[in-house]
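Okay everyone, let's get going.

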Amino acid sequence: MAMSKVLILPGDGIGQEIVQQAVRVLECLQKSGVALEMQHGLIGGAAYDEYKSPLPEQTLAMAREADAILLGAVGGPQYDQVARHLRPEQGLLDIRGQLNLFANLRPALLYTQLAQASSLKPELVADLDLLIVRELTGGIYFGQPRASETQDNVRRAYNTMVYDENEIRRIAHVAFQAARKRDLRLCSVDKANVLEVSLLWRQIMQEVHAEYTDVELSHMYVDNAAMQLIRAPKQFDVMVTSNLFGDILSDAAAMLTGSIGMLPSASLNEDHKGMYEPIHGSAPDIAGQDRANPLATILSVAMMLRYSLGHQDAADMIEQAVINTLQDGMRTQDIAHSDEAVIGTIQMGAAVIERLDKLLSQ
Ligand code: IPM
Ligand code: MG
């Protein structure tokens with residue numbers, strides 16, 4: 001099999017620590033014969049510090065060359081005063097846009113072992129398994145015009161929530177196809193009672209549905225969807241929604257699973273090239289203290305192997321190694337309850353690798 005090129009972009013804050021553990025997982029796979037090579041690059045604040053740009057040209061060039069990208073997190077309070085176009089978050093948005101990574105898959109899975117850690121009652125979340133498909137390169141995040149200005153001594157600012165039918169159609173296809181591999185139920189989330197852009201979203205979802213009549217399509221307003229997610233999350237199989245709504249709903253979904261430190265994500269373009277990242281942020285408050293949960297990043301590596309590198313078996317094994325690790329009672333602080341012993345980032349990484357090694361040598 002051809003050598004796969006993986007670009008590692010740790011970014012800022014806990015990004016460094018969690019990616020380090022995920023890299024150990026990749027090294028472990030290398031040793032057992034998975035043909036991949038890693039390159040490292042700078043993004044976000046780390047890149048700004050070095051090059052005064054959150055997405056330097058050389059990083060983007062490496063990203064274009066790579067088969068897959070593993071990203072940690074970007075951002076930190078030290079960049080709060082930096083101009084918006086140079087902020088760490090802009091580096092992330094730019095790489096998503098430049099590589100056309102329009103399809104963001106955010107699975108929220110409750111590991112039985114973590115039912116206690118969920119913010120909801122165990123019976124509401126037991127066996128929870130939902131997938132949020134978030135449009136990632138359009139909508140209000142990228143819409144023009146946008147500005148912040150002063151007119152007649154009054155400061156104002158605005159953004160534009162805009163989608164064209166092609167952008168909606170392609171994310172619709174991704175979502176319907178995902179539903180086909182799951183429980184054949186797709187819920188499209190919008191605000192069609194208020195927004196024109198949502199009305200178009202809903203129309204296109206209905207049009208594309210004609211090609212997937214085996215999938216049951218429903219629609220929900222985003223405010224109701226937020227409520228339903230915390231009222232009865234198991235009603236959902238696949239949810240598809242726009243960039244901003246997906247950002248918000250996926251954080252909510254994360255807490256259902258016990259911790260935002262557990263959720264991986266994949267961002268794919270038309271050719272299945274992808275960037276893989278935990279959905280959480282750079283958590284500056286705990287950065288550098290060996291306290292962050294590396295599991296979302298490690299699970300992102302599993303998604304990478306599955307979606308971009310064609311190593312289904314290795315992906316399954318990583319996920320199994322994580323389950324075994326949880327089963328054996330290993331807990332970082334975010335997923336531990338009061339009487340459980342807590343381990344750090346490095347130990348958690350080591351625990352997964354130990355179990356992965358075992359699975360690989362079987
Ligand atoms: C996410 C993050 C990003 C987003 C930020 C860091 C720009 O919250 O991936 O969910 O809003 O998309
Ligand atoms: Mg977010």
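Which helix gives the most to the shell around ligand 1? It's helix H4, residues 88–98, with 3 residues; helices here are DSSP runs of H or I, at least four residues, and strands are runs of E, at least two, numbered from the N terminus.

Quick housekeeping: this is a predicted model, where local features need pLDDT of at least 70, side-chain atom pairs count only at pLDDT 80 or more, and totals for chains, interfaces and linings use all residues. Residues are numbered from 1 along each chain as its sequence is written, chains are lettered from A and ligands numbered from 1 in the order in which they are written, and side-chain values use heavy atoms, with hydrogens and water left out.

So, who surrounds ligand 1? You'll find Glu89, Leu92, Arg96, Arg106, Arg134, Tyr141 and Asp247 there, where being near takes a heavy atom within 4 Å. That shell splits into 2 nonpolar, no polar and 5 charged residues, with Tyr and Leu counted as nonpolar and Asp, Glu, Lys and Arg as charged. At least three residues come from each of domain 1 (1–102 + 269–362) and domain 2 (108–262), with bounds from an automatic or database domain assignment.

Now the oxygens of ligand 1. A polar side-chain atom of Tyr141 is 2.6 Å from one. For Arg106 the distance to a ligand oxygen is 2.8 Å, and for a side-chain N or O of Arg134 it's 2.8 Å.

Gln144 and Pro145 are joined by a cis peptide bond, omega about 0°, and Pro145 sits in the loop between strands S5 (129–135) and S6 (147–151). Asn100 has a positive phi, near 60°. Most residues other than glycine have a negative phi, and most peptide bonds are trans.

Conventions:
A polar contact is a pair of N or O atoms within 3.5 Å; within protein, one must be able to donate a hydrogen and the other to accept it, and residues adjacent in sequence count only if both atoms are side-chain atoms.
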